[in-house]
Amino acid sequence: MLSVKLCYGNAYLSIPNVFSKTGWLGGILLFCSVGLLNIYTMMLNLHVASRHPRLHSYSEIGGKVFGKWGKLGVDIAIWIMQLSICCGYLYFIAEQMDSVVCHYTGGEDDGGYCGKKNIYILVMTVPALPISWIETYTFLSYLSIFGITMATVGMITMFGYMGAKIHNNEQVPGELKVFDAFETFGNIGVAMFVFEGNAVVINVRAETINQHKYPRILTSATVTVISLFMVFAMVSY
């Protein structure tokens with residue numbers, strides 16, 4: 001389940017917008033290329049980890065290969081990446097909460113309960129902090145099941161909404177874009193954001209029961225999620 005959660009989060013909501021910029025072919029090439037590159041690097045990490053079974057994290061491997069300064073560099077890089085991702089998610093959730101509250105309280109952006117995103121961000125840090133202190137991915141897998149379920153329900157709901165639009169012959173005005181090379185290269189960072197869990201594959205593998213099967217499970221999960229995202233983005237665009 002955690003193998004799916006490594007690249008199955010709210011980031012998929014941004015993929016249709018990327019397709020509108022890169023074109024449907026550009027979007028497919030972009031996400032498939034970045035996805036395959038991530039699979040390759042994750043397999044390299046697992047290969048190195050298998051040669052050093054006592055090392056249970058990307059950070060520890062950095063220390064083994066490059067020494068204490070290498071470990072520090074890896075720790076800083078992971079910290080910056082994860083902090084950026086957390087900030088993005090907290091802002092996204094707060095923005096959605098603000099939108100829902102505004103909708104059900106009259107929609108006044110200049111007063112009442114609207115325009116309180118900063119307060120909602122602070123509120124969301126309350127449950128986020130104790131969760132971040134959990135040191136085992138086995139326990140986090142139960143939270144992942146809930147997250148994946150909610151993401152899947154959201155995607156199914158959007159498929160139903162889009163299906164109704166297609167059935168009624170409704171479409172977004174404008175010419176269908178096929179490929180835009182400039183936008184394709186310009187959105188590599190957005191595509192990488194989808195695969196935010198790359199750095200923790202070693203940690204997850206260390207807690208699996210059948211470690212020798214994990215690379216195959218991880219590859220299958222990643223390919224399945226990428227394929228689902230491409231179908232979703234195509235239909236959405």
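In which helix is the place of Pro 215?

Reply: Pro 215 is placed in helix H10. Before the details, two remarks on the basis of the description are in order. The model is a predicted one, in which local features need pLDDT of at least 70 and side-chain atom pairs count only at pLDDT 80 or more, while totals for chains, interfaces and linings use all residues. Residues are numbered from 1 along each chain as its sequence is written, and side-chain values use heavy atoms, with hydrogens and water left out.

The setting comes first. The chain has 10 helices and 0 strands, where helices (H or I, at least four residues) and strands (E, at least two) are DSSP runs numbered from the N terminus. Along its principal axes, the C-alpha trace spans about 55 × 45 × 35 Å. Of the 237 residues in the chain, 31% are buried; buried means under 20% relative accessible area, exposed over 50%, and partly exposed in between, with a 1.4 Å probe and protein chains only. Among contacts with a separation of 6 or more, 78% join residues 24 or more positions apart, a contact being heavy atoms within 4.5 Å.

Helix H10 covers residues 214–236. H10 has 23 residues and reaches 32 Å from its first C-alpha to its last, close to the 33 Å expected at 1.5 Å a residue; the expected span is 1.5 Å times one less than the number of residues. Pro 215 itself counts as partly exposed because its relative accessibility is 23%. Beyond residues up to four places away in sequence, Pro 215 touches Met 43 and Leu 46. Pro 53 lies 162 residues from Pro 215 in sequence and 15 Å from it in space, C-alpha to C-alpha.

Other residues of H10 are buried, including Leu 218, Ala 221, Thr 222, Val 225 and Ile 226, as well as Phe 229, Met 230 and Ala 233. An α-helix has 3.6 residues a turn, so residues three or four places apart point the same way.

A nonpolar core is a set of buried Ala, Val, Leu, Ile, Met, Phe, Trp, Tyr and Cys residues joined through side-chain atoms within 4.5 Å. The largest one has 25 residues, and those with the most contacts inside it are Tyr 8, Tyr 12, Ile 15, Phe 31, Val 194, Phe 229 and Met 230. At least two residues of this core come from each of H2 (15–22), H3 (24–51), H4 (58–104), H6 (137–167), H8 (188–194) and H10. With 6 residues, H10 gives the most to this core. Phe 229 is in contact with Cys 7, Tyr 8, Tyr 12, Ile 15, Met 155 and Val 194, leaving aside its neighbours within four places in sequence. A second, separate core of 11 residues includes Met 42, Leu 46, Ile 61 and Tyr 214.

Val 126, in helix H5 (residues 117–132), is exposed, because its relative accessible area is 57%. Val 126 and Pro 215 are 89 residues apart in sequence and 35 Å apart in space, C-alpha to C-alpha. Asn 169 lies in the loop between H6 and H7 and counts as exposed because of its 69% relative accessibility. The phi of Asn 169 is near 60 degrees, a positive value in a residue other than glycine.

Three further residues are buried. Thr 184 is found in helix H7 (residues 181–186) and is buried, with a relative accessible area of 10%. Not counting residues up to four places away in sequence, Thr 184 touches Thr 22, Gly 26, Leu 30 and Phe 179. Asn 187, in the loop between H7 and H8, counts as buried at 7% relative accessibility. Leaving aside neighbours within four places, Asn 187 is in contact with Val 18, Lys 21, Thr 22 and Leu 30. Phe 195 sits in the loop between H8 and helix H9 (201–206) and counts as buried, at 7% relative accessibility.
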